[in-house]
Each structure stands twice: as C-alpha cells, then as structure tokens.
Amino acid sequence: MPVSIALALAGPLHAFADSQTATPRDLQGLRQEVAAMRAAYEARLQALEQRLLAAEKVADQARASKPVVAGEPGDLASVIAPPSLPTAPPAASLSPAGSANAFNPAISLILAGGYTRTSRDPANYRITGVALPVGQVAGPRSRGFSLAESELGLSANIDPWLRGVATIALGSDNSVSVEEAFVQTTSLDHGLTLKAGRFYSGVGYLNPQHVHTWDFADNPLAYRAFLGGQYGDDGLQLKWLAPTDRYIELGLELGRGRAFPGSETGRNSAGMTALTAHIGGDIGDSQNWRAGVSRLSAKAGDQNLSAVNAAGGLVTNAFSGNTSVCVVDGVWKWAPNGNGAKTNFKLQGEYLRSTRRGSLVYDLGGANAPDAYRSAQSGWYVQGVYQFMPRWRVGLRTERLNPGSPDFGLNAASLSGSNYKPRKNTLMLDYNPSEFSRVRLQFAQDRAQQGAVDNQIFLQYQMSLGAHGAHKY
C-alpha cells in the first residue's frame, strides 16, 4: 500500500481498533472514507504521470536540437567526432524566445591575415620535376601585407537524424568559394555515418582539417604536388566506427572527381573513389596515437598541366588517364597525465605516393605531340610541435619530394626528367592568448626549385569569432 494512503488510514483504523462498540453504520462510514481517499490518490497519481509525459516530450525536443559535440582537443575520443566545424548550441531555455532560437544555425567567422616576405618572386615559384594544373598556386600567394583565406561557417541540426554544415571561403583576392557544404547523419545504427555534398576527403591526416587548424602557415610540398594543396570533392562519404575498445575506423568515398588530380569528365559514373582506414589508442595516461592508410583514385580528361621542358621553357601539356595517390599517416601525442594545458608535444608525419597512367599531349598550341605517359612520384614530411609553456608553442618541419623518372614516351627528349629532389625546412613559433586567437611567426628555407633558394618569413594572425567546435584529433 502506498505510504500516503497508509498514513491517511492510520487514524481511522486505529480508532476502529480501539472501539469495542463499533456498529455496522461505523463500518460503512470507514469504507466510504477509504474509497474517497483511494480515488483522490489515483487522481493525483494520474496528474503526476501526465506532467511527467509532458516533461519527457520537451526533453526529447531539446535533445533533437542539441548538436553532436566532439571531444576536447587532445582527447582521443575526438577522433570519432564530426569534422572540426562550428556546431549549433542547445537552446538557452524553454521560453518562447529560447525555442525560437533553438533551430537557428550556429555561425562562426575565422579571420586570418598577415605579412609575407620572400627572397624570390612568388609569381616564378616552381616545384622541379612536378607538373601542376595551370593556375594552381604552388608557393606563397603574395608578398607584403594581405588578408589570408578567411572562413564563414554555418551549422545546425536539421532534425533528430541529420545535421547540415556549410563553410564559405573568403579569399584575399575578394573571391568567394564553397569549401564545404554537406548534410550528415547523426543517428545511424552500427557505428555508421553518411555524409553527402561537398567536403574535404578523409584521406591522410592533414587533408580533412581546415587551414586555421594547421600547425604551420602552409601545407607540405607533397600535398601541393599530389593533392592540389588540399583535396575536396562533391559526393558521398560512408564511415564505420568499430564497436571495440581500440579505435578503428573505415571509410569509403565516391565523388565527382572535379579537382586535381582528377578533372571534370562529364561522365555519369564516379570520377573519384577513396578508401581510408585508421586505427588508434592510448599508451598509459599521458600518450595516445593514431595511424592510417588511404588510397585515392581519380580520372582526368584533357587536364591542362604546366611544366618546364628540356630547354627550360614553360609549356602547357594535356593529360588524360588515371591517377592514384596512396597515403600513410601517423600522429603521436604526449601530455603529462593527459593534461596538455601547460605542456604537450605532437609528432606527425605522412608519406604520399602518386602514380599516373594515360596519355600526354606535349605543348598545346605548339608541338601538340601526343603519346603515352607514366609516372611514379613520392614525397613525405615529418613535423613536431612542442608547447613548452602555457600559450607558447614551437614547431619544426622537414620534407622532401622524389619526382622519380617519368616515362614520356616519344616526348622524352622534350620533357626530360630531373634527378633533383625538392626539399624544405620550416621553423615556427606561435603565441595563443586564448583558444580563439593565435599569432604565428614562421621561417622557411624552400628549395623546391632546382638552383634556387627561397627564404620565406610569415607573420600570421588567426581569430575565431562565434561558435567554435572542437578540433579533430
């Protein structure tokens, strides 16, 4: 019997027990009193159940509008988080004003800019032995003061099953482009996540990350030579996270193939496919790691490539065929007892190998000589970043390319290869007043072009306004 009823009946029952002269009329009165109290109790219980159901409905609506929040930076759990883009905050309250704002997208703005000084003209920058798309900027964009690429981000949960993200790039030349614009599932079962739209590919370690999360002001030579700087495409991405203590993630991508090393082909079928696999874990309380292998395959048709011929002249060639880029990546992090607020260290590196097979038309508008073309080129970088005291970090990166010995067929005499191996060494120091601001000084000795040394100095600032999600591992 419920406690409230027992307490309510205690008085009448006690009085009845003490009475030795109870009449049938007394018993009838007690029965009526007990029935009235039982009815009152049941009515009150039903009212409480209705209030509970209403509260649960409100909680479900708030949970549906709450974003998937990644783990804190440096935590291995953040490996499985969605891309490091701003996420929509939960509603501030359940008041009418809070409910009205609950479904508004979170907005962020990354402001970046700085000063660049180089010993060689950026307009004449070349990577010896590597053919790049016509118009691709391989080195520093400009000298002097300039606005670097800034990002405008919007994100929000659409419903309990989907979230949407858009990142708009604002270039220093006043250009506007869509870096990413996709929808992503939030509640598929069995560890699956599906993404559709435009997004950075998950190959490698650095490629999926946005520019403002990089530890250096620029990306490695291998990324510029084999992935066009950073590979993004329109398509689908499916990821599976294994239900194991060890972090294991597999990915499959199908894309249009619109960007280098692919090109627009006008086909109905996918122009790009990518396979990714990553594994990671903890080593005690102070260390964690992640390693991976990836393979990206892309098709190209009449892709205009800029190259230097045997006479040292700049020519435009057209490539048609298939390109495969294999990537092996790894990262290791250390922080005392897992707390990186005062000091921490990160070591990362990647090896990329690009193979191309197809045909090449040499010197468009000139010799216009077609023949078979094959190449196998590779490159790597290793970098370490050490936070030696709160807010201050120092980093060192070394890298090298191997252009290999491309087979130009009948055009070998005009496009002779080179044994020169481009290389570069970079030193950086940055100061972070908070997690939303950074000032960086970087010096690099760039020997990407044979016979030319380019000493580069970058002074960079990055400021984050608005919603700011956790960065990827």
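Helices here are DSSP runs of H or I with at least four residues, and strands are runs of E with at least two, numbered from the N terminus. On that basis the protein has four helices and 18 strands. The model is a predicted one.

The table gives totals for the whole chain.

| Property of the protein | Value |
|---|---|
| Residues counted as buried | 41% of 473 residues |
| Contacts between residues 24 or more positions apart | 63% of the contacts with a separation of 6 or more |
| Accessible surface | about 24,200 Å² |
| Share of that surface on carbon and sulfur atoms | 58% |

The largest cavity has a volume of about 120 Å³. Its lining is made up of 13 residues, and those nearest the centre of the cavity are G204, P208, H278, R290 and K472. Sorted by class, the lining of this largest cavity comprises four nonpolar, five polar and four charged residues.

N402 belongs to strand β15, which covers residues 392–402. Is N402 buried, exposed or partly exposed? The relative accessible area of N402 is 32%, so the residue is partly exposed, because that class lies between the limits of 20% and 50%. Apart from neighbours within four places in sequence, N402 makes contact with Q377, S378 and K421. N402 and R353 are separated by 49 residues in sequence, and their C-alpha atoms are 9.3 Å apart in space.

Notes
Residues are numbered from 1 along each chain as its sequence is written. This is a predicted model: local features need pLDDT of at least 70, side-chain atom pairs count only at pLDDT 80 or more; totals for chains, interfaces and linings use all residues. Side-chain values use heavy atoms; hydrogens and water are left out. On a 1 Å grid over the protein atoms alone, a cavity is a set of points where a 1.4 Å probe fits but cannot get out, and a pocket is an open set with protein on both sides within 12 Å along at least five of seven lines; lining residues have an atom within 4 Å of a point. Grid points are joined across faces, edges and corners, and a volume is the space filled by probe spheres set on the points. Ala, Val, Leu, Ile, Met, Phe, Trp, Tyr, Cys and Pro count as nonpolar, Asp, Glu, Lys and Arg as charged, and the others, Gly among them, as polar. Buried means under 20% relative accessible area, exposed over 50%, partly exposed in between (1.4 Å probe, protein chains only). Contact means heavy atoms within 4.5 Å. Accessible areas come from the Shrake-Rupley method with a 1.4 Å probe; for residues, only the protein chains shown count as cover.
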